[in-house]
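Please read them with the structure open beside you.

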Amino acid sequence: MANVIKGRDLMLFINGKSIAFATSHSLSISQDTTETTSKDSGGKWTSAQAGKMSWEMQSENLMSNDGEGVGFEQLFDMMTAQQPIDAVFALEKNYKNKADEVTKGGWIPSTTGTYSGKVLITSLECSAPNEDNATFSVSLTGIGALKKVATPATA
């Protein structure tokens with residue numbers, strides 16, 4: 001049977017630390033195309049060439065001031081500094097023997113099976129609904145290439 005990855009083990013890490021109290025992460029990769037349809041291509045179907053690629057990451061989180069890992073306040077400081085930061089989308093390093101609760105300093109990323117690169121924080125939003133948990137979301141846009149470190153094949 002296939003070894004399906006559980007969403008709880010796949011995380012977004014900023015500058016080597018997980019984002020505190022995360023409930024969801026996503027990685028989106030896009031490719032632009034340039035249409036190359038001409039009279040010589042038959043005219044019935046569109047033809048295209050690959051163009052520029054882009055990528056972004058997002059995280060949804062519960063709000064807290066005392067979590068392990070990166071929180072809203074640290075993300076705010078990083079965003080207002082307007083400097084590129086390191087982001088990694090990966091499994092938590094010890095996901096096969098994961099502790100029941102986050103360890104001091106936050107979860108750490110695996111060194112294989114990762115997608116990483118430099119990002120800028122492009123959106124940071126806090127939501128505080130009456131009678132519900134306060135949450136925040138962060139959107140990060142990749143600058144430059146998204147790099148992949150493959151997971152070694154198992155024998």
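1. E131 counts as exposed, at 75% relative accessibility, where exposed means over 50% relative accessible area, buried under 20% and partly exposed in between (1.4 Å probe, protein chains only). The residue sits in the loop between β6 and β7, and its phi is near 65 degrees, a positive value in a residue other than glycine. Most residues other than glycine have a negative phi.

2. This is a predicted model, in which local features need pLDDT of at least 70 and side-chain atom pairs count only at pLDDT 80 or more, while totals for chains, interfaces and linings use all residues. Residues are numbered from 1 along each chain as its sequence is written, and side-chain values use heavy atoms, with hydrogens and water left out.

3. F21, which is not a glycine, likewise has a positive phi, of about 55 degrees, and belongs to the loop between β2 (17–18) and β3 (22–35). At 41% relative accessibility, F21 counts as partly exposed. A positive phi, near 55 degrees, is also found at Q82, which follows α1.

4. Of the contacts with a separation of 6 or more, 71% are between residues 24 or more positions apart, a contact being heavy atoms within 4.5 Å. Buried residues make up 27% of the 155 residues.

5. Which residues have the most contacts inside the largest nonpolar core? They are I14, L75 and L140, in a core of 18 residues, where a nonpolar core is a set of buried Ala, Val, Leu, Ile, Met, Phe, Trp, Tyr and Cys residues joined through side-chain atoms within 4.5 Å. At least two residues of this core come from each of β1 (10–14), β4 (48–62), α1 (72–81), β5 (85–91), β6 (114–127) and β7 (135–149). Apart from this core lies another, of five residues, including M11, F13, V88 and A90.

6. On the helix, the buried residues of α1 are F72, L75 and M78. They lie on the same side of α1 because they cover an arc of only 125 degrees around the axis, the arc being that of the directions from the helix axis to the C-beta atoms. The cover over these buried residues includes β1, β5, β6 and β7. Leaving aside neighbours within four places in sequence, L75 is in contact with I14, V70, I121, L124, F136 and V138.

7. β1 deserves a separate look, since four of its five residues are buried. β1 and β5 pair in the antiparallel sense over five bridges, with F13 standing opposite V88 in β5; two strands are taken to pair if DSSP finds at least two bridges between them. β1 also runs antiparallel to β2, to which two bridges join it, and the bridge partner of I14 in β2 is K17. β1 and β2 form a hairpin with two residues between them, and N15 in the turn has a positive phi of about 50 degrees.
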